[in-house]
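Subject: Handover of a structural model

Dear colleague,

Please find below the structure that I am passing on to you.

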Amino acid sequence: MGFCMGNFDSSILPDAIKSSIGVTGIPKYGVKFDGTNSAGVRTYDAANLNWTPSTATTAGTDDFKNILPFKTKEVIRQYNSTSGARETLAYSDDAKWSSLVSAKTGDRMIEFTASYYRRTSENEYIVSPQMQTGFSINPMFWHGGKMYNHCAISKYPIGTGYVSQTGIAPIVSTTLNTFRTNLKAKGLYVLDYPSYCGAAMLMLVKYANMDLQATVGSGWNSGNTTHTTGGADGVLGVDGSATVKTANEAVLTMGIESFYGDMWKFMDGLYTYNYNVYVKDVMSMTADPASTSDLSTYTKLATSVVAGASNSAIKTLAYDTTYDYMIFPTSVGSPTPSNDCCWSAAGLSTVSLGGSARDGGANGLFALVSSNAISFSASHFGASAVEFYD
């Protein structure tokens, strides 16, 4: 029998021994919440990593920025009408980046690299850049029956001309179906719930807090109006806002502006009917369900969204073992670890997330409204876009 004592590199150990003591050489980053408080505890390889938000004058601490799966890239992508596919024009470190940005060419997107996750309970999230026992593919990267190496979310809410660009007005007072039709014409999809949840899990581990308004930045949360995109362009990092966390201003989360706040964002492929949740792959979406009979082509979850909520503080989140990445509210009341709120109603409803500039402290990562009928539109509802590629 061999015996080892003292500090040494685990790489010298045989694989069988490393597996038996839980050392696999594959990184994993986790966070645990207690269901009561906003702040969580980072676990595994995230335990000794630190993060603080940035402003336009001070770069925060970000031990995650160069580590997969947290490392993101800003990329300009554009639809090629000849090939019928979207193409990468440049990354932010390319020589031609500045000229493309100045010309407002294509769509500015935030690119994520394929990853894996494990959610062991309502309040624990673990992510990894590599597959390991007990993990599943991050839902951002599984669409149309295949795994993609990249998922890119629009850096900005979709604005005039159905583009993701700085310095333009977000499109509002427009139906989900209209967003879907116009984005699909250029090879994009309306942001779907699997992609939203996949990004949210990375954010929860990185920020180790369920209340993103208090941790990263309040976002646009008052004034009852939407704002020209680009308000967070000067932030010296990928998370934070220009001045202070409490300011009513644009906020970045992992490079994405206004992931929450400013306007509610429609989620495609996700509907509720009498509080039951129905999902469909966004790649299969061509139109909203016209009636409840159309829901026969959707998957009905065993877990329902909380019933009859009206600006109600979220208490617990879904932990559906079949769709364990989904984080919609299942009860309201106290305690309220995220300090986000939700609205829900009976009938057939679209689902939107994040809150708007008229919702104050109700906004955030978990803020949800599932009380709006099909073909609903309003001046505080818009959309983000997503695409998948290798």
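Please bear in mind throughout that the model is predicted.

The sheet

An open sheet is built from six strands, in the order S4-S3-S5-S11-S25-S12, with antiparallel pairing. Its edges are strand S4 (85-91) and strand S12 (189-190); each has a single partner strand, so one side of each is left without a neighbour in the sheet.

The nonpolar cores

In soluble globular proteins, nonpolar side chains tend to be buried together. In this model the largest nonpolar core has 66 residues. Those with the most contacts inside this core are Phe112, Tyr125, Ile153, Tyr193, Phe259, Phe328 and Leu365. Helix H4 supplies the largest share of the core, namely eleven residues.

Which residues does Ile153 touch, not counting residues up to four places away in sequence? They are Met109, Ile110, Phe112, Met140, Leu191, Ser195, Ala199, Ile256, Phe259, Ala385 and Val386. Another core, of 29 residues, lies apart from the largest one; its members include Ala152, Tyr271, Leu348 and Phe381.

A residue in helix H3

Asn182 belongs to helix H3 (residues 176-184). With a relative accessible area of 32%, Asn182 is partly exposed, because this value falls between the 20% limit for buried and the 50% limit for exposed residues. Asn182 and Gly161 are 21 residues apart in sequence, and their C-alpha atoms are 9.1 Å apart in space.

Salt bridges

Side chains of opposite charge can pair when their charged atoms come close. The structure holds eleven salt bridges, and three of them are described here.

- Glu74 and Lys155 meet through their side chains in a salt bridge, at 3.8 Å from N to O. This pair links distant parts of the chain, 81 residues apart: Glu74 is in strand S3 (residues 73-80), and Lys155 is in the loop between S11 and H3. Both Glu74 and Lys155 are buried.

- Asp107 and Lys186 form a salt bridge in which the closest N and O atoms are 3.0 Å apart. Asp107 lies in strand S5 and Lys186 in the loop between H3 and S12, so this pair ties together parts that are 79 residues apart in sequence. Asp107 is buried, with a relative accessible area of 1%. Lys186 is also buried, at a relative accessible area of 16%.

- Asp390 and Lys146 meet in a side-chain salt bridge of 3.3 Å, N to O. Because Asp390 lies in the segment after S25 and Lys146 in strand S10 (residues 146-147), the pair ties together parts that are 244 residues apart in sequence. Lys146 is partly exposed, with a relative accessible area of 34%.

Finally, salt bridges that share partners join Arg77, Arg86, Asp107, Lys186 and Glu387 into one network.

With kind regards

Conventions:
Residues are numbered from 1 along each chain as its sequence is written. This is a predicted model: local features need pLDDT of at least 70, side-chain atom pairs count only at pLDDT 80 or more; totals for chains, interfaces and linings use all residues. Side-chain values use heavy atoms; hydrogens and water are left out. Two strands pair if DSSP finds at least two bridges between them. Helices (H or I, at least four residues) and strands (E, at least two) are DSSP runs, numbered from the N terminus. A nonpolar core is a set of buried Ala, Val, Leu, Ile, Met, Phe, Trp, Tyr and Cys residues joined through side-chain atoms within 4.5 Å. Buried means under 20% relative accessible area, exposed over 50%, partly exposed in between (1.4 Å probe, protein chains only). Contact means heavy atoms within 4.5 Å. A salt bridge is a side-chain nitrogen of Lys or Arg within 4 Å of a carboxyl oxygen of Asp or Glu.
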